[in-house]
Amino acid sequence: MYYVLKGHDFADETVSVLMIFYPNDKYIQTEDIAEGMTLVSSFDGASARAWLYSEGVLKAEGSERAESSQRSEIKRAVGLSIARAVNSIMDIPLPWGILTGVRPAKLISEGRSEGKGIDEITEHLHNKYLVSYEKLKLMSEVAEEERRIVEAGKGKIGLYIGIPFCPTRCLYCSFTSYPLKQYSSRVDSYIDCLIREMDFVKKYTDTKEIESIYIGGGTPTSLDEYQLDRLLSAVEERFILPSEFTVEAGRPDTLTREKLRILKEHNVTRISINPQTLNDKTLELIGREHTAAMFFNAFEMAREEGHDHINTDIILGLPGEGEEEVINTMEGLERLSPESITVHTLAVKRASRLRETIEKYAMTDALTMEKHIAISRQYTEKMGMRPYYMYRQKNMVGNFENVGYCKENCQCIYNVQIMEEKQSIIALGAGASTKTVDTRTDRIERIFNVKSVDDYITRIDEMLERKKALEKLL
Ligand code: SF4
């Protein structure tokens with residue numbers, strides 16, 4: 001699709017709103033109406049207007065008055081005029097209106113810290129950004145949970161350790177993840193480097209209370225038993241373990257009874273076993289190389305080994321899945337009764353195989369996705385769970401959200417702290433990004449590690465050098 005901007009330069013905002021309606025299009029800015037679809041967006045100093053053309057013929061228009069000359073207000077008016085124009089011919093659900101940010105619940109906490117009441121904030125978001133009342137209720141519920149956790153975690157820090165290896169690459173994956181078969185010879189050197197990073201940051205963590213440790217990836221349980229034991233021993237020897245210590249045991253095909261035992265022996269308090277779906281046909285399609293039966297088996301083994309806090313991740317909107325498949329997945333989870341479930345809606349990421357080959361797949365439309373989300377919500381309620389954290393991504397099918405549900409007192413503190421950005425989190429490993437938050441000013445600074453495993457190993461001294469900035473930032 002082509003777009004023309006007149007009287008403003010909000011190209012990113014224009015594309016973000018267009019992507020709500022046409023997530024898989026490519027967007028090209030031009031000077032004039034082109035062949036195919038063209039959106040013209042203008043701002044005349046008071047009002048934003050949008051016109052949508054197909055083959056040079058005007059198909060729809062929309063407008064919105066800006067209530068001030070602030071950039072953020074002009075941007076909002078531009079976004080809303082575009083949404084009004086396109087929606088007048090597409091008429092799809094706009095659950096989040098024109099909100100495209102990744103952390104919607106933060107808008108509620110920010111409004112509250114400015115002294116606004118919840119009704120005032122939600123009415124503003126409904127009237128000015130077209131956010132539905134259903135999503136506003138979800139935002140408010142989540143914001144309340146997040147506020148409680150953020151308050152309790154003041155002055156503490158988090159620690160993240162990344163293991164960027166997986167057995168195979170999933171169809172939709174855009175993370176830093178390396179297939180284990182090709183990288184197995186580097187794993188020991190990678191752990192050596194992680195241990196050097198742990199040694200280096202210890203002087204900073206010793207002066208703060210660690211609230212949570214999270215080992216994520218990739219799939220940390222891709223490590224063999226010896227490597228997993230070595231990594232967890234290194235963590236235990238260097239840090240005072242907090243009451244929340246999570247390891248992502250994401251892929252059931254990586255789990256053995258011995259690994260589950262090692263996790264327990266090293267005082268891991270929370271694991272995540274992620275089927276994504278409990279339909280074998282879909283699992284094969286998305287390249288997971290495990291079956292639903294393998295997931296059930298891994299989950300039961302984990303229970304037998306004493307893991308009493310298990311999270312499971314699922315994805316709605318996987319190619320070819322309808323209501324029947326979603327119900328099958330939710331019923332399977334209900335039988336197992338995990339402590340928490342994270343319900344994602346599929347995001348078609350730029351770096352994924354799915355993006356490159358999307359025309360091959362039957363994708364879920366927004367109306368169907370809305371029904372699938374409602375089903376997941378009904379089941380989580382039946383399981384006694386409540387939403388406690390939420391985030392959104394670019395290019396999510398139907399522009400919906402990812403929601404973490406949990407039983408009472410089973411929230412993952414780390415997930416909330418990542419979303420709210422009120423706590424410093426020291427991150428180790430390839431592709432890891434350390435974030436420090438100045439609690440007086442809320443100013444965020446980031447220290448990045450290089451992404452590639454090979455670069456991380458060869459440039460470990462440089463990674464340690466970069467972390468010296470923590471001296472002043474923590
Ligand atoms: S398990 Fe997760 S990190 Fe690994 S390939 Fe699949 S989506 Fe990517």
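Me: Two strands pair if DSSP finds at least two bridges between them. Which residue stands opposite Tyr-2 in E2?
Reply: Ile-28 does. The model is predicted, so local features need pLDDT of at least 70 and side-chain atom pairs pLDDT 80 or more, while totals for chains, interfaces and linings use all residues. Residues are numbered from 1 along each chain as its sequence is written.

Me: How many bridges join E1 to E2?
Reply: Strand E2 (residues 28-29) is joined to E1 by 2 bridges, and the two run parallel. E1 (residues 2-6) also pairs with strand E3 (residues 37-43), in the parallel sense, over 5 bridges. There, Lys-6 has Ser-42 as its bridge partner.

Me: And E3 with E4, parallel or antiparallel?
Reply: Antiparallel, with 7 bridges between E3 and strand E4 (residues 47-54). Phe-43 is bridged to Ala-48 of E4.

Me: What's the strand order in that sheet?
Reply: E2-E1-E3-E4-E5. The sheet is open, has 5 strands and its pairing is mixed.

Me: New topic. Which residues of H4 are buried?
Reply: Ile-121, Thr-122, Leu-125 and Tyr-129. Buried takes 20 or more other C-beta atoms within 10 Å of the residue's own, exposed takes 12 or fewer, and partly exposed lies in between; C-beta atoms are placed from the backbone. Those four cover an arc of only 95 degrees around the axis, which puts them on the same side of H4. The arc is taken from the directions from the helix axis to the C-beta atoms.

Me: What's exposed on the other side of H4?
Reply: Asp-119 and Asn-127.

Me: What covers the buried residues of H4?
Reply: Helix H2 (71-90), helix H3 (104-113) and helix H5 (133-152) are among the cover.

Me: Now H11. What span should its 13 residues have?
Reply: At 1.5 Å a residue, H11 (residues 292-304) should span 18 Å, and its end C-alpha atoms are 19 Å apart, which agrees. The expected span is 1.5 Å times one less than the number of residues.

Me: Which H11 residues are buried?
Reply: Phe-295, Ala-298, Phe-299 and Ala-302. Their arc is only 100 degrees around the axis, which puts them on the same side of H11. On the other side, Ala-293, Glu-300 and Glu-304 are exposed. The cover over the buried ones includes helix H9 (257-265), strand E11 (270-272), strand E12 (310-316) and helix H12 (323-336).

Me: And E13, how many of its residues are buried?
Reply: 6 of 6, for residues 340-345. Ser-340, Thr-342 and His-344 are on one face, with Ile-341, Val-343 and Thr-345 on the other. E13 pairs with E12 in the parallel sense over 6 bridges. His-344 is the bridge partner of Ile-315.

Me: Switching to the ligand. Which residues are around it?
Reply: Cys-166, Arg-169, Cys-170, Cys-173, Phe-175, Ser-177, Gly-217, Gly-218, Thr-219, Gly-250 and Arg-251. Near means the C-beta atom, placed from the backbone, lies within 6 Å.

Me: What's that shell like by class?
Reply: 4 nonpolar, 5 polar and 2 charged. Nonpolar covers Ala, Val, Leu, Ile, Met, Phe, Trp, Tyr, Cys and Pro; charged covers Asp, Glu, Lys and Arg; the others, Gly among them, are polar.

Me: What joins Gly-217 and Gly-218?
Reply: A cis peptide bond, with omega about 15 degrees. Gly-218 is in the loop between strand E9 (209-217) and helix H8 (225-238).

Me: Last one. Is Gln-276 buried or exposed?
Reply: Buried, with 24 other C-beta atoms within 10 Å. Gln-276 has a positive phi, near 70 degrees. Glu-289 also has a positive phi, near 55 degrees, but Glu-289 counts as partly exposed, with 15 C-beta neighbours inside 10 Å.

Notes:
Two residues are in contact if their C-beta atoms, placed from the backbone, lie within 7 Å.
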